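Trainee: Before I use terms for this entry, I would like to see what stands behind them.
Mentor: Then we take them one by one.

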Amino acid sequence: MSSSIKVPKRFIVSNKVLWFDRFMNWSIILGGILVMLAVFGIFVFILGEIVPLFKKAKVDLDNGVKIEALATKDMQAYPAIGVDEWGEMPFIYYGGKTIRFADITKGNQFTEVALPITEGQEVTSYNYNAVLNTMAIAQANGDFHILKVKHAVDFETGVRRLTPKVEKVFSGSLGAHPAQLMAFGLSDKEALIVAVMDVAGKQNVTAFYYKQSFGLMGGGGFKLKESIDMGNDLDGLEVSSLLVQQNAKGFLLGTQTGEILAFKLKSSKLVQTQRFHPFEKAITDGIRIDAVLGSDSIVVSDERGDQVGYSLYKQVGNSDRAYIQTKTFESFDHHVGFFSPSTRNKSFITGANDHVVIRYFTTEAQRWEAKLPYNVVATAIDDKAYYLFFLSDQGDLYRYELDDPHPEAGFKAFFGKVWYEGKSEPVYDWQSTGGSNEFESKLSLVPLFFGSIKGTFYSLIFAIPIALLAAIYSASFLDPRVKKVVKPTMEIMASLPSVVLGFLAALWLAPIIEHKVPSIILVIVGWPLLSILFGFVWFYFVPIQVRNKLNGWEWLVLVPFMMFVAWALWSLGGVWEQSAFIVQQYNVLDAQGQVVQNIIGRHEALEFIKMSQVVNPDVQLTMVHLGEAITTTGVKMADFSLWWTREMGWGNYDQRNSLVVGFMMGFAVIPIIFTISEDALSNVPTSLKSASAALGATRWQTVRTVVMPIASAGIFSAIMIGFGRAVGETMIVVMATGNTPIMEWNIFNGMRTLSANIAVELPEAAKQSTHYRALFLGAFLLFVLTFIVNTIAEVLRQHLRNKYKLV
Amino acid sequence: MSTVTKNSFIKVNDFNFWYGKSQALFDINLDIKEKEILALIGPSGCGKSTLLRNLNRMNDLIEGVHHTGDIVLDGQSLYDPKVEVISLRKRVGMVFQKYNPFAKSIYENVVFSLRVAGRNNKAELNEVVERALIGAGLWDEVKDRVHDSAYSLSGGQMQRLCIARAIANRPQVLLMDEPCAALDPIATLKIEELMMELKKDFTIVIVTHNLQQGARCSDKTAFLYEGKVIEHGETKQIYNQPTQQKTIDYITGRFS
């Protein structure tokens with residue numbers, strides 16, 4: 001082997017050198033791998049947070065708990081079942097004097113709790129509301145009772161012990177007739193009880209409005225305020241179902257022929273607000289009306305198993321909300337037999353016979369579906385949504401574990417148009433949290449994505465021209481001595497904390513801009529034009545000796561000139577506003593020439609007329625010629641923001657708007673684009689610049705024809721890195737955009753970007769909640785956006801680099 | 001060669017030149033006649049390139065330079081404050097030591113000086129391309145592919161392309177800064193032959209390290225040493241009967 005060959009000592013490298021070399025090699029490799037692992041780790045972490053959002057609900061059907069014979073087989077068709085918040089003590093009621101409670105932990109031992117109702121009278125109708133844990137019971141003599149079902153908790157034995165209780169909220173009388181159907185709505189202050197009674201073979205609907213009187217000592221009990229008999233209003237329709245809004249503001253009647261009549265309580269009077277057929281096909285066996293959590297949405301099902309969702313929405317030009325069909329669910333092909341709303345979100349369990357589904361109202365999503373080995377007659381879900389309860393037609397109760405932590409999530413919720421409660425059309429909207437469980441979270445990421453793009457767009461159209469021109473000037477025109485100062489200064493600017501920029505934007509720039517928009521327009525348009533004019537004057541009127549002397553120092557003359565121009569244009573802005581941005585007051589006249597209203601702004605006046613026509617179609621005739629209906633009152637004022645919003649109707653004007661963000665984020669982006677593209681321009685070989693100069697090209701010709709093509713790849717990278725910075729920028733947009741998730745290109749209103757959204761909402765999002773994960777989905781979207789843009793950029797950059805490759 | 005009748009075309013008068021604080025040229029006086037080739041020879045760092053680059057004011061692009069004295073081209077001072085440097089450079093073409101074509105087609109490289117002067121007439125440009133490439137001895141080799149990238153050429157071809165580019169707009173003077181330094185002997189030979197052709201139309205100043213080349217193709221030779229012109233005269237005289245000891249040392253190879 002080689003050991004036999006004697007190597008002279010001077011050719012031997014010392015072990016120290018070799019070891020150090022090896023050590024450095026491995027350190028560098030290790031560092032590289034760690035970086036890759038870190039990026040990959042972040043990716044995996046984010047992915048881990050968002051994947052559960054797209055999972056369907058899971059119900060563990062294999063490990064159910066069965067309680068046999070909770071009900072007898074001769075129970076009524078619609079027994080009421082309910083459960084405590086831990087899912088341990090379900091109960092059933094299907095008429096009679098007692099409620100039967102079962103304890104899951106103890107098996108088939110039942111506790112009967114007597115109801116505080118009138119003795120000796122048969123129960124004719126009952127209704128249980130799982131959201132309120134409240135039962136209404138009507139008796140043959142016309143008495144009714146509102147009862148609260150409670151599970152009292154104590155820890156006396158060291159473990160949690162539940163004691164079932166039934167408490168009376170209040171009682172009253174429906175009159176002398178027994179109720180066939182009754183339903184109730186109950187809030188802290190008021191209650192609405194509606195009963196359908198059999199009066200001599202004919203149906204009579206009566207509503208009872210109760211109010212709770214409050215004294216110094218708290219609630220003083222519910223007192224009957226009004227009882228409204230609507231007997232004749234029904235036109236001989238046969239009522240098959242009844243639903244009272246949970247907030248006691250109104251109720252709905254479903255008829256045997258499938259019609260819905262909506263009534264509203266308005267200053268102690270019932271007003272029929274709507275009458276409609278939810279299904280096109282003829283109905284003979286009545287419809288079901290059920291409420292999902294809250295008072296705004298209902299699910300209507302028919303005998304064929306069709307199911308649709310209706311929500312209250314804001315009609316154009318009408319303050320009254322009306323029901324409109326917003327959802328269509330898959331049909332069951334059988335009579336829908338049961339329905340339970342979740343008490344924590346808009347999901348509900350429903351189905352027909354052995355076919356059971358969990359649906360989410362807002363997104364129309366089918367969360368879970370199964371065929372059970374038995375027919376179901378009633379369902380329940382506990383408050384924590386950990387368990388599902390099914391009552392079979394044999395009277396057995398089954399409990400299964402439910403795993404559905406993110407029912408409101410899904411592709412449609414994040415990226416689709418959704419018709420939310422109270423909206424007049426399907427929209428993209430982000431409003432993640434509300435005041436109560438009843439709030440419908442709006443989780444569309446589309447407006448946030450739009451906001452990111454909008455903010456980036458406005459900042460880049462401001463930053464790119466300035467940064468690139470500055471880089472060209474600095475690389476090819478400016479005297480090198482000045483450049484030595486300018487370049488590091490710009491680099492320091494790049495490291496300015498964005499919170500400082502955001503603070504300046506929000507508290508200093510935004511209020512200035514608000515009143516100086518015409519000045520800003522003048523400066524933006526006038527500055528470049530006048531600087532070009534300055535170039536002409538400089539070239540044609542300034543003697544060559546002076547120009548030669550100031551070669552590279554032209555800015556000494558230009559800067560004072562531009563400062564003066566800026567000052568002059570800024571001042572002129574006020575004058576311009578006084579003459580061009582006039583808002584007038586208008587009179588709106590009716591057909592007789594009478595002034596109906598005076599309104600500031602032409603657009604507002606036209607809108608007013610349009611609205612009036614919608615609300616009152618009679619007005620339409622007199623308002624055909626919109627132009628003629630308006631006369632000005634002669635009151636004028638000059639104000640750009642009013643002019644923009646009220647006179648022209650081009651959208652809102654917010655103080656913190658895209659213009660402010662464009663400026664400030666532009667300032668954050670300019671140094672980055674400047675520095676990188678300046679490097680690219682400066683790195684073009686001097687030999688080429690010299691060759692161009694030696695051929696008699698001017699500095700600008702050299703830049704344009706020789707330098708720019710070669711530097712194009714670098715300049716492109718600079719812009720892309722600027723783009724990346726603008727997309728990911730957070731503090732400036734948090735502080736200066738107003739964070740309104742709207743989708744308009746209007747430069748004078750704000751936006752909410754993905755990054756700002758994460759910064760603003762992550763602190764208030766409960767860990768692992770849908771909201772929390774949705775924010776991570778936003779982060780993932782940012783990740784993907786930058787990834788795609790960077791990939792495209794890199795491909796284009798390589799293409800440019802190959803095209804203008806040097807020898 | 002009868003150079004006696006020719007007028008003095010470029011006059012360098014008492015020219016001193018500084019890079020920052022270090023002086024590179026000392027009291028240079030030179031006379032260059034029309035349509036003659038002057039070779040500047042001398043050891044590295046003697047200032048021959050500096051002097052050459054002052055003839056078209058390329059040194060302006062360097063930071064912190066200044067000068068005294070004057071250079072007169074065809075009766076006009078180069079350093080007159082009224083001189084438009086751009087038009088001066090149109091009169092004085094330059095070929096650099098290392099070929100430096102633009103990242104454009106052969107055609108666009110040649111017509112560059114016309115384009116920047118705003119001349120875009122297609123017919124004129126075509127004619128200029130042909131004439132310049134013939135003038136640079138490149139036409140036969142590239143006439144079928146003038147729209148190919150200039151970087152598709154070999155090194156020697158690129159340097160001849162640079163010469164074509166420099167002569168396209170018919171300057172009065174052609175400056176060549178060691179044009180063959182990066183070329184092999186065959187390409188060098190071609191360039192030398194080319195220079196003899198070009199001499200018919202242009203006044204040429206060439207900087208060279210190659211004494212044989214200087215001897216072969218120049219009319220006059222100036223020997224520079226440490227920023228000073230040591231000896232200036234007919235090439236034959238400088239090479240055969242140098243008067244200065246330094247010139248003798250240099251030519252005989254005592255130092256280089």
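Mentor: Two residues are in contact if their C-beta atoms, placed from the backbone, lie within 7 Å. The model is predicted: local features need pLDDT of at least 70, side-chain atom pairs count only at pLDDT 80 or more, and totals for chains, interfaces and linings use all residues. Residues are numbered from 1 along each chain as its sequence is written, while chains are lettered from A and ligands numbered from 1 in the order in which they are written.

Trainee: What makes up the contact of chain B and chain A?
Mentor: By that cut-off, 23 residues of chain B and 21 residues of chain A take part. On the side of chain B that touches chain A, 12 residues are nonpolar, four polar and seven charged. Here Ala, Val, Leu, Ile, Met, Phe, Trp, Tyr, Cys and Pro count as nonpolar, Asp, Glu, Lys and Arg as charged, and the others, Gly among them, as polar.

Trainee: Which element gives the largest share of the side of chain B that touches chain A?
Mentor: H2(B), with four residues. Helices (H or I, at least four residues) and strands (E, at least two) are DSSP runs, numbered from the N terminus. Chain A has 18 helices and 33 strands.

Trainee: What radius of gyration does chain A have, and what would a compact globule have?
Mentor: The radius is taken over C-alpha atoms, and the globule rule is 2.2 Å times the number of residues to the power 0.38. For 807 residues a compact globule would be near 28 Å, but chain A has 37 Å. Its C-alpha trace spans about 115 × 110 × 55 Å along the principal axes.
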